[in-house]
Amino acid sequence: MSRHDVIIIGGGLTGASALHRLAREGANVILLERQMCLGGVARSRRNAHGALVESGPNSAQSGTPELAALIADLQLADKVVRPGEAAANRYIMRDGALLVAPTTPREFLRTALFNRRTRLRALRERFVAPAPADREESVAQFVERRLGRDVLDYAVDPFISGIYAGRPEHLSFRHAFPRLHSLEQTHGSLIRGAMRMQRQRRKARKHASKEGSSAAAPERGIFSFTEGMGMLPQTIQEYWHDLLRLDCMVERLERNGALWSVHAGGETYTAPDLIIATEADAAATLLAPIQPELGEVLRRIEHPPLAVATMLYGQPAVTHPLDGFGLLIPSSEHRRILGVIFSSTLFPGRAPEGTVLLTAFAGGARDPHRTAVSDEELLYEIHGELRRILGIASKPLSCDLQRWPRSIPQYNLGYQHVLDAIAATEERMPGLHLLGSYRGGVSVGDRVKAGWQLAERLLAAAITPPAVADLNNPESGSENMEEME
Ligand SMILES: Cc1cc2nc3c(=O)[nH]c(=O)nc-3n(C[C@H](O)[C@H](O)[C@H](O)COP(=O)(O)OP(=O)(O)OC[C@H]3O[C@@H](n4cnc5c(N)ncnc54)[C@H](O)[C@@H]3O)c2cc1C
């Protein structure tokens, strides 16, 4: 029996971030992970040709303070890589052609992606009344109401594939994009809200530079690390290896008074606080014997299958200049892939000299059957699309295929009932914390923030023992909690 203050099950970005924040304060915490290393979805490796293969996230968005703090703590700042000028373009396919997507209002007024009528319709967004606060809309309903059908089909639909591998008709706007939802609710319009926020940021930057501080003006935009996003969990693993049990599949949970018992690999771990930071279906399996209804709710969350193909080509064989971040393909173009990241343009050091690296995505909620073929067939189809779209004249030098049978949780219409069921269980079972990507956002920044903030709440509660300890139970109120102060 091994006794702790906090047990974390699952060492993806969420669990690893919680571990770091707790361990940094000297908490008696242990993390159990069924794989041989931390990272979960976020894994990076070099293939035999020296190309960097990302299994999951290719980049993260700056601007989350918890993510910035984690990078600083891990002394990873000098390993951060950012896209150069060459990666500024984002292409969207329209009628088979690749057109540069507008990223500023000025570009929107001139873009060839939309005709004049669409542009004028979108400019009228400011005068569209906000939806009543209690009405739940799909992303498609929201966008069509505020910006029109063409913007939905040729900007938002491909963008949704890029973030959620999802469908705008199914995703709940308020749950999938809470910040944009509150922009409409607070300012009455996305454009007006975005302009006001931009003004506020500009003011804050000006103020910060006057004060000689950069704290109020964090760097924005996307980034990765020299050896990919996997460096983040990998470094956490190196820091806290004594607090990890890897290759350790949790089989069963039990609740004894105020303590949780976790059975894994022939060992029993106990603690008053248990963080389940696994995927939804793994959490459902663990909770099924004690909370079958919640298990069912978690199991029913849609997770579409997704395939990620990393293809290395000789540079002379590719006609397209690959001068951008990548390309996204709207559903209405009926192609076999969702989009492509121009990986070797996006970040330095991704591929050997004289080669280019592309990361293509297929499947997702809008084309789930696409991945139901053999690896050879799937790679053949993906290469065929890349050949036609980017004018590639030769076979790839290497192909790496990563399949995710259950990729990204879909915050679909009616998602509130999932969140309510989780909150009700946590209330009934003090010390239980459910923290997967099915709650609080799917992005790298959201996952780090979720793990970090829960750890901070536990640390704060440990300073006021009655909040965490069941004083009627002699088993509770671990002596180790004092070490967390
Ligand atoms: C293909 C793909 C591309 C993505 N691209 C981006 C991107 O570019 N940018 C971005 O911001 N986000 C991206 N995301 C989203 C983001 O990467 C994920 O939401 C995030 O990494 C999930 O982290 P997590 O820790 O919540 O879950 P996971 O990474 O799923 O970790 C859960 C962990 O729990 C472990 N586990 C499960 N059951 C048990 C058990 N019984 N016992 C012990 N351990 C267990 C698993 O082995 C796993 O390690 C992408 C996601 C995917 C799938």
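**View 1. Helix H1 is the top contributor to the ligand shell, giving 3 residues.** H1 spans 13-24; strand E16 (306-314) and helix H16 (444-463) also give two or more residues to this shell. Helices (H or I, at least four residues) and strands (E, at least two) are DSSP runs, numbered from the N terminus. The model is predicted: local features need pLDDT of at least 70, side-chain atom pairs count only at pLDDT 80 or more, and totals for chains, interfaces and linings use all residues. Residue numbers start from 1 along each chain as its sequence is written.

**View 2. The ligand is surrounded by 36 residues.** The closest are Gly 10, Gly 12, Gly 40, Pro 57 and Ala 282. The shell holds 17 nonpolar, 15 polar and 4 charged residues. Ala, Val, Leu, Ile, Met, Phe, Trp, Tyr, Cys and Pro count as nonpolar, Asp, Glu, Lys and Arg as charged, and the others, Gly among them, as polar. Domain 1 (2-41 + 229-301 + 413-484) and domain 3 (304-404) both supply shell residues, so the ligand lies between them. Domain bounds come from an automatic or database assignment.

**View 3. Strand E16 pairs with E19 and E20.** Pairing requires at least two DSSP bridges between the strands. E16 and E19 (residues 355-363) are antiparallel, with 9 bridges. Here Met 311 stands opposite Leu 358. E20 (residues 398-404) also runs antiparallel to E16, through 7 bridges. Thr 310 faces Asp 400 across that pairing.

Terms used:
Near = placed C-beta within 6 Å.
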